[in-house]
Amino acid sequence: FPKSGRHRKLKMYYVHTRRKLPFRHNQTSESISLLTSCYFSVSVQWGNYDFVIVGAGSTGSVLTNRLTESGKFKVLVLEAGSYENDITDIPSFAGALMSSDFNWGYKTVPQTTACLAMKDQQCNYPRGKAIGGSSVINYMVYCRGNKEDFDKWEEDGNFGWSYDDILPYFKKVENSKLTVEDFEFHGHEGLLNVEQNRYNTSFTDLFLEASKQLNRSFVDYNGEDQIGVSHIQSNTINGKRCSSSKAFIKPVMNRQNLEILDKAFVTKVLIENNKAKGVEFVRDGKVYQAAASKEVILSAGAINSPQILMLSGIGPKEHLEELGIPLVQDLPIGKTLLDHYILFALQFTTQFEVGQWNLTELLNNYLEGFGPLTAAAGATGIGFLNNRVKSSTNPNVEYIFFSTSAETIYEFTLKSLHVTDENWFVNFEPSKGKLCWMIVPVLLHPKSRGKLNLKSKDPFDFPLIDLKPLSDPEDVDIEDMLNAVNDIFELSKTPAFQSIGSQYLNGPLPSCKNFEHLSDDYWRCAIRQLTTTLYHPVATCKMGPPTDNTAVVNNRLKVYGVDSLRVIDASIIPTNTASHTNAICYTIGEKGADIIREEYGDL
């Protein structure tokens with residue numbers, strides 16, 4: 001059988017699936033699924049370990065480092081992606097990486113409340129597929145979140161997760177090289193480098209000055225106060241990407257008690273009598289099983305961890321029964337998908353024309369640790385405010401400031417958003433040839449909720465992601481975004497921005513021509529057209545106390561009803577935070593590692 005033509009076709013299917021390419025052969029997906037189920041019924045034992053970690057992303061990388069630190073535990077790490085390279089090191093290529101093989105290639109199902117100007121009304125949903133996970137393709141913004149967010153976690157019954165409890169872990173992770181900081185809130189001996197963005201333009205200075213003219217303060221947003229504006233704090237080292245792999249895995253690759261397999265696609269957790277015994281995975285077209293004597297730890301991220309659990313029989317009873325998956329434990333997995341939403345429409349032209357870059361100079365500057373290539377698609381400034389409750393110390397909106405041009409936005413960002421050509425033309429064509437600045441507003445605490453389901457019981461089928469942005473019945477989210485739009489226009493009118501002739505030249509979107517251009521009703525329409533996700537999914541395996549009927553794991557990150565199984569990644573985050581979730585993932589990994597080591601006498 002392994003030498004037959006059917007095997008060759010199976011391997012082609014596996015490779016095409018892994019690379020996100022469409023199936024190009026004459027056989028139907030149903031026949032291929034039958035073939036895979038027949039072939040995959042035969043598996044080979046890979047080995048026996050104390051812990052098997054599924055996923056080498058930001059959280060998995062920390063766990064890999066810490067659980068192998070003492071030498072007491074034998075650890076296997078399985079990652080579906082491959083190792084990063086010199087191209088992923090370049091921050092300005094962040095947008096382009098979302099169209100690369102380092103991205104899983106997910107999209108949401110067609111949406112009805114947002115992403116309406118995107119192709120097929122689908123929000124693009126990049127997730128990192130690499131040793132280092134999404135830290136290999138993200139925009140490297142280091143933002144922890146607000147004290148009140150974490151205190152709310154504990155108030156909701158997640159004891160041990162208050163701000164005071166996890167601040168030491170934020171500091172443990174961090175190797176701060178910031179030139180301006182609230183010193184006592186930062187760590188300076190950790191493995192993860194944090195530095196001020198190495199490229200700032202005169203437009204960045206104008207953003208900070210315009211904010212000052214509206215009585216907004218310059219702050220260390222990872223320090224004592226978050227409300228205000230700042231340069232971006234970035235996970236870079238001398239202007240080059242500092243991924244979780246570089247920080248936590250590369251230094252320990254030679255530990256004798258550690259084995260890391262890349263291109264290893266985990267299909268399910270092996271469970272006997274409601275106890276995790278190991279995992280099944282596919283590598284190089286062959287099926288293997290790896291045994292875990294202590295625990296299986298899912299760190300595959302907020303999309304893949306819930307998918308693996310449901311494929312293993314852990315999830316909503318009715319959903320699994322519909323797909324013919326034997327039920328192990330009835331849990332509300334995927335029922336509370338949360339994210340941050342962004343609006344990509346607020347680009348202002350200036351009186352300056354785009355010049356020509358000298359490629360040699362650009363590369364030399366990058367190698368020396370400065371210049372445009374060290375900034376993620378021109379993102380150079382950041383701000384936080386609460387436009388709903390002015391006196392609040394917890395922001396509901398973030399601003400990401402870009403110094404850029406229309407051509408750069410198209411090449412490195414809008415291509416990854418998959419905006420249709422007609423919407424691209426009216427939104428950015430008027431700015432071509434001009435230097436621009438743009439603010440992308442982010443809803444940090446939206447009311448809307450989405451869900452994640454399996455498409456089928458085939459592990460190679462992508463899950464169904466139904467994000468539902470701006471779907472809250474009271475329209476709080478869309479009004480918050482509208483308030484942000486109006487505020488950004490006020491910023492554009494300040495003396496600082498008017499000194500460079502800032503103008504908003506974009507024409508009306510095709511679907512919004514029935515409204516007076518730039519009126520509030522126009523923007524309500526446009527917001528639904530061009531709002532998408534910031535790629536910060538959380539809460540699909542939500543942490544909560546036993547009394548929380550939406551919880552999947554407890555405060556020790558153990559899956560309810562299944563022994564020897566934990567989820568330790570962004571999927572356990574119970575509520576949205578005023579953060580970029582990558583920073584929290586590192587801290588979850590540190591705290592999760594300490595919880596495990598304490599239980600097994602390794603602290």
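The following paragraphs describe the overall architecture and selected local features of a predicted protein model.

Residues are numbered from 1 along each chain as its sequence is written, and side-chain values use heavy atoms, with hydrogens and water left out. Because the model is predicted, local features require a pLDDT of at least 70 and side-chain atom pairs count only at pLDDT 80 or more, whereas totals for chains, interfaces and linings use all residues.

The pLDDT (the predictor's confidence in each residue, from 0 to 100) averages 92 over the protein, and 93% of the residues score at least 70. Over residues 1–40 the pLDDT is below 50, and this stretch makes 48 contacts in the model beyond near neighbours in sequence; a contact denotes heavy atoms within 4.5 Å.

The secondary structure comprises 17 helices and 25 strands, taken as DSSP runs numbered from the N terminus (helices, H or I, at least four residues; strands, E, at least two). The radius of gyration is 24 Å, close to the 25 Å that the globule rule gives for 603 residues, so the protein is as compact as a globular protein of that length. This radius is taken over C-alpha atoms, and the globule rule is 2.2 Å times the number of residues to the power 0.38. Along the principal axes, the C-alpha atoms fill a box of roughly 70 × 55 × 55 Å. Of the contacts with a separation of 6 or more, 73% involve residues 24 or more positions apart.

Of the 603 residues, 62% count as buried (under 20% relative accessible area; exposed, over 50%; partly exposed, in between; 1.4 Å probe, protein chains only). In helix α16 (residues 520–530), the buried residues are Y522, W523, C525, A526, I527, Q529 and L530. Their cover includes β17 (341–343), α13 (421–428), α14 (476–492) and β24 (531–533).

S61 lies in helix α3 (residues 58–67) and is buried, with a relative accessible area of 0%. Residues up to four places away in sequence aside, S61 touches A56, G132, S244, S245, F248 and I249. The C-alpha atoms of S61 and Y586 are separated by 8.4 Å, although these residues are 525 residues apart along the chain.

Positive phi values in residues other than glycine occur at N274, near 55°, and at A539, near 75°. N274 is located in the loop between β12 (265–272) and β13 (275–283) and is partly exposed, with a relative accessible area of 28%. A539 belongs to the loop between β24 and β25 (565–567) and is buried, at a relative accessible area of 1%.
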